[in-house]
Amino acid sequence: MKLAYYPGCVAQESGKELDRSTRYVCRALGIELAEFPSFSCCGSGFVDEANEVLNVAINVRNLAIAERAGLDVLTICSTCQGMLSLANLRYRDPRVKERVDAALRPLGIEYRGTVKVKHLLRVLTEDGGIARLQQKVVRPLGAVKIGAFYGCHLLRPADELDWESAEEPHAFEDLLRAVGATPVEYRGRVMCCGFPIQFVKPETAGRIAGRQIEDAKAHGADAMATPCPLCHISLDAYQNRAEKAVGHPLDMPVFHLPQVVGLALGATPEELGLARHLVPVAPALAKMGSAAPSR
Amino acid sequence: MANSTVRATFDVYRYDPAHDAAPRYQRYELDLAPHTPVLTALLRIRAEIDPTLTLRYSCRSAICGSCAMQVNSKSRLACETQIGPELARDGRIVIEPMRNQKVLRDLVVEQEPFWRNYDKIRPHLILDPTKPMPEGRENPMTPEQVERFRETPRCIACAACYSACPAVEADPGFPGPMALAKLYRFVVDPRDQAHQDRLVRIQTDGLWLCLRCHLCTEACPKDVRPSERIRDLKEMAIAAQGGTEPGSRHAIGFKENIRERGLLSEMKLVRQTSGIGGLLGEAGQGLRMVRKKPEILKRPHRIEHLEEVEKIYESLDHREAPP
């Protein structure tokens, strides 16, 4: 399988461990990643708030790059997934299309609308992906209980994104079972991480993140895992804000999705960049029977 | 098949703050046809088993918005939710009151804060008294003007969105999805003459606390799509006033940020929105982050064919003054 790899901004900066672990997992599973250094940022929902048509246009440009290569797009971020999918959809509105085309045509950019945008979670789980993954697992994750945390834009608005049920998704839990972990069912798994207002009103964002982390904890989670690097920032890098909001320590390790898969495929914590997290993952690794990352 | 029934198990939230120390769940079992609405089942429980069960309802036809409650943890109108699919999926039906509102008794919640937020957006036409209504006819609208209302006139104020909203839960300063969808409805109304003032006020009255998580759009039984109209309000507020608040500054800053290199420069954005304090974070958090993730100090590389992005901006956007 060959896909146009859309890493998004965070995985190329503060979330480099996500890029690294994605590459590890794709190499191990025979997913070929085609790279396009001309891909731009998806706008992360913020550009959409400032200028909807501009946001569609920059993402149609991204989609057109993949279309020229005849490839579908692989995303590793719930927000990139949402923005690129919505661009695909909104471009079908003739009034939007007219304005977007007027901006793209002079640049020689044409988009026929043939590209599918798929998140890594979907690529790993659909069309027999679970069974293929299970065959490659060399180190089942054992007794560790993991709370999947989906990220809003991977699920909603469900009628526009055309994949999982927004209220009862199960792909992530299926994936966790496939690598030998025990998924934890909790309401917070489909809720918001607070990221969009981390820089607008940090104390409210912290309260929202804290709510979901506490919920996972109350249902027995040893760790959480997310397919979205923005959720990861909110839940891991800013877990101190969440702790301040709830008034006590949370100590919740938070994995990126491909890190969990990578561990089961035999990767070392170093190969997955696990030492880059703000909240130490060592307690969760111990439950998996792995040693803590050394750097 | 028409007469076939299923054994339905209901676990219903019961709480009377005047007498109970804590809420409890009471189990009721009865035989019902699978197409029975949850509301009908609850009314049968009240009539045949337990007259003390307290709930709010009126029209039974998904018009009045009175019977919104949580059915198996999801915001639903009890009158239009059939028991069959719920039982098939979860094996039982857990009935709870709406979230984010104080429970008065059993399934009845205090609606006062919800309506106060609604009143605050001034849910009525604001007209210019110097401009009289057109003589002899009501205000005519073109089909294009009517279309701008989108789905917002469908709202029945059931508060399902309010119950589902994490911003309402976390911050009393957020007016809630319903109030904002209503505000949109007045902002696009061609008869209203306070558009600008409404947009300016809402910038400081919680608009930018919306998380665009779309949980409201998922919960709405009438497909009003509040989160999408809140997005529209944000764009209109920026057009009306520019970046006056941290939220609008952040959106504009983000837009300008990726214009420079095609990719986000994380540090620069944080500095723009939150100043140097936000950059360093609280209690040394910023320094810890730099130690773990040193590349955030570097500017991202420039994408190839950045000039295409610049041309797209030139066509579709006007340059904003730096915040």
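"Buried" is under 20% relative accessible area, exposed is over 50%, and partly exposed is in between, using a 1.4 Å probe and protein chains only. Select F10(B), L42(B), I95(B) and L233(B): of the 84 residues in the largest core, these touch the most other members.

A word about what's on your screen. This is a predicted model, in which local features need pLDDT of at least 70, side-chain atom pairs count only at pLDDT 80 or more, and totals for chains, interfaces and linings use all residues. Residues are numbered from 1 along each chain as its sequence is written, chains are lettered from A and ligands numbered from 1 in the order in which they are written, and side-chain values use heavy atoms, with hydrogens and water left out.

Which residues does L42(B) contact, leaving aside its neighbours within four places in sequence? Click on V12(B), L53(B), L55(B), M69(B), I95(B) and L107(B) to see them; contact here means heavy atoms within 4.5 Å. Then hop to a second, separate core of 74 residues, where you'll find F46(A), V53(A), C77(A) and M224(A) among the members.

**Zoom out to chain B**

Show chain B as a cartoon and you get 14 helices and seven strands. These are DSSP runs numbered from the N terminus: helices are H or I with at least four residues, strands are E with at least two. Along its principal axes, the C-alpha trace of chain B spans about 70 × 70 × 45 Å. Buried residues make up 53% of its 323 residues.

**Over to the sheet in chain A**

Next, select the open sheet of four strands in chain A, in the order β6-β5-β7-β8 with parallel pairing. (Two strands pair if DSSP finds at least two bridges between them.) β6 (182-183) and β8 (254-256) of chain A stand at the edges with a single partner strand each, so one side of each is left without a neighbour in the sheet.

Step across the sheet:

- Strand β5 (residues 145-148) of chain A joins β6(A) through two bridges, and K145(A) stands opposite T182(A).
- β5(A) and β7(A) pair over three bridges, with M224(A) in β7(A) as the bridge partner of G147(A).
- β7(A) and β8(A) also pair over three bridges; find T226(A) and its partner H256(A).

**Last stop: S14(A)**

Finally, select S14(A), in the loop between β1 (2-6) and α1 (16-29) of chain A. Its relative accessibility is 6%, so S14(A) counts as buried. Not counting residues up to four places away in sequence, S14(A) touches I233(A) and R276(A), along with E266(B), K293(B), E295(B) and I296(B).

Key: Core = buried A, V, L, I, M, F, W, Y, C linked by side-chain atoms within 4.5 Å.
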